[in-house]
2 protein chains.
Amino acid sequence: MRIGIDVGGTKIAAGLVSESGRVITRKKVKTEVRKGYPSVRDQIHRLVRALFSEAGNRAGNIERIGIACAGQIDQRTHTILFSPNLNWSNVPLKHDIEAATGIETFVENDVNAGTYGEWKFGFHGESSNVVGIFIGTGIGGGLILNGRLFRGSLGVGGELGHITLNPHGYLCNCGNRGCFEAYCGGSYIVSRVKERLARGYRGKLWDIVEGRVDGLHTGHIEEAYLSGDDLCTEVWREVVEYLGAALQSIANLLNPELIIFSGGVVAGAKRLIDDARLVMERRAMQASIAGLKIERARLGDDATLLGAAFVMDE
Amino acid sequence: MRIGIDVGGTKIAAGLVSESGRVITRKKVKTEVRKGYPSVRDQIHRLVRALFSEAGNRAGNIERIGIACAGQIDQRTHTILFSPNLNWSNVPLKHDIEAATGIETFVENDVNAGTYGEWKFGFHGESSNVVGIFIGTGIGGGLILNGRLFRGSLGVGGELGHITLNPHGYLCNCGNRGCFEAYCGGSYIVSRVKERLARGYRGKLWDIVEGRVDGLHTGHIEEAYLSGDDLCTEVWREVVEYLGAALQSIANLLNPELIIFSGGVVAGAKRLIDDARLVMERRAMQASIAGLKIERARLGDDATLLGAAFVMDE
């Protein structure tokens, strides 16, 4: 048995996982981000101990702990270099959890873990070249290349959200201009629309959200676009064009067999992937996309937890 | 011993190569592109026979022939799907050379072969994650990932010249808009400058080429930029910005340890790589470029020939 833990900016999900990839028990707590790293580390430790109790006399069989969290992880030193969601810099999570539990612990980037989990358990390891694209507030990526998780030299590869799609484009939180994330990440799309509403734009979108701008999300924007709202049509077309260009770049560069989409924006928007696929097909070299499958993730939240528990076997 | 062959649009270079990667004998002929595939195939066969004669009684030791050529090669069927330089579609080169020589033959994309050759013999296999960028009239790429040449699912991966850097940008020969190649490929840069000269632009560039527009190349454009020519300053800055954005995208996505530049545009332009590196450093995530080395190719024309001869060992 293993323990898999998904440390997000709002919640920590932990699970006891069988060697065959079944989640036996789940635990969830709200992440105490504001209390800082020591507090979150202790939360993780408490979840591990709770799962130990659940495991009862099988607890001795827990041989590995895998933890997934957002950010860049130096796989040579096992240090989390930077995690914007958790507000961490250079934290030794692996070392601390190992010291507290005595169990071998592995820390992995959350989208890497999620992509690995989906590939291994959602898609049963089919295809050797797989790209995971997570579109939530931001955009993350995970790469399975030649049948293995690809991490790059320092372990920080796969930052798909931060490829440049327009050097003079929108400012990204990473500091660059024109990142894929700055065009297609949920929080960026929503803030562009909110800005226009603040400047007085009205239309079908206004009716759809009933003037409650605070709760606006990308699902509303797609709905308004489908109803012919001018602003949302303009915004949606831009998102689709840039998402399609990102897919084309990935296809031409990596020639994958499978692209797996996940994240809130993808879950909330019905036509986004299909529309972007058409853009990709228009832009990409034909041989690069021959046989390419584009699918939605199948495992939901369990993907990251399962991936965290198994990715150290790589 | 092996035979390595580099089939280009203007010349075919062939060599007898030792198992340690030394080129023992070289042969070169002009490519009879206009006469079509059968004629070029026969040229290749004649070069192989000539190298056999050179090898004398060691000819029996030639166990493998490797051929590099531009274009997309389906590694499952060993067919050259499309080669724009050679004007080939769906040609069975591997099969034909094997039938004519009785020797196992392997066909590889020329930039993949060149990257592999540089990595293996120019850089002695150092680093496990290496990106080769060839900038000539167009732009090609080769990827060494986790210590192996990466080809993607069908074998057509690594088309680095055709990642999108601006969805509404310059038209590329591949049909897409805003490809890296359309911004930074030599023939595209030159044709943009020529167009402005045809529309009447004069300046220091005009003096540098002494009014002989036909022979204009990117070296002239860099020279004119360094002399303060307005047009070339504008063009050069755009090239540097887009090349830097491409480097940033590669670094964030693949986190390589080494990027190797080759090709006529790079050889002819002294400051291009250094200037683009500064743009990359401004745009990329710090962890993604920590320790990244950017180097020029070391082997010249031999890289592709050597790569062709050895890449089948992969």
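Student: What covers the buried residues of helix 5 of chain A?

Tutor: In this predicted model, the cover includes strand 9 (130–135), helix 4 (180–184), helix 7 (218–226), helix 8 and helix 9 (264–268), which belong to chain A as well.

Student: Which residues of helix 5 of chain A are buried, and what makes a residue count as buried?

Tutor: They are A:Gly186, A:Tyr188, A:Ile189 and A:Val193.

Student: How do you know what length to expect for helix 5 of chain A?

Tutor: The expected span is 1.5 Å times one less than the number of residues. Helix 5 (residues 186–198) has 13 residues and reaches 18 Å from its first C-alpha to its last, close to the 18 Å expected. Just after this helix, A:Gly200 takes a positive phi of about 110°.

Student: Why is helix 12 of chain B called mostly covered?

Tutor: Helix 12 spans residues 302–310, and nine of its nine residues are buried. Among them are B:Asp302, B:Leu305, B:Gly307 and B:Phe310.

Student: What makes strand 11 and strand 13 of chain B edge strands?

Tutor: Look at the open sheet of five strands in chain B, with the order 11-10-9-12-13 and mixed pairing. Strand 11 (148–150) and strand 13 (293–296) each pair on one side only, and that makes them the edges. Neighbouring strands here are turned by 25° against each other on average, direction ignored.

Student: How do you know that strand 9 and strand 12 of chain B pair?

Tutor: Pairing needs at least two bridges. Strand 9 (residues 130–135) and strand 12 (residues 258–262) of chain B have five, in the parallel sense, so they count as a pair. For one position, B:Phe134 stands opposite B:Ser262 in strand 12.

Student: How many residues does each chain bring to the contact?

Tutor: Chain A gives 41 residues and chain B gives 41. Helix 8 of chain A gives the most to the side of chain A that touches chain B, with eight residues. That side divides into 18 nonpolar, 18 polar and five charged residues.

Student: Why do we speak of a two-fold axis?

Tutor: Chain A can be laid on chain B by a turn of 180° and a shift of 0.0 Å along the axis, with an RMSD of 0.0 Å. That is the relation of a two-fold axis. The same surface serves both copies, as 100% of the contact residues of chain A recur in chain B.

Conventions:
Residues numbered from 1 in each chain as written. Chains lettered and ligands numbered in written order. Predicted model: local features only at pLDDT ≥ 70, side-chain atom pairs only at ≥ 80, totals over all residues. Buried ≥ 20, exposed ≤ 12 C-beta atoms within 10 Å, placed from the backbone. Helix = DSSP H or I, 4+ residues; strand = E, 2+ residues; numbered from the N terminus. Contact = placed C-beta atoms within 7 Å. Nonpolar A, V, L, I, M, F, W, Y, C, P; charged D, E, K, R; others polar. Least-squares fit on C-alpha atoms with pLDDT ≥ 70 in both. Axes fitted to C-alpha atoms, helices over the stretch in contact; angles between N-to-C directions.
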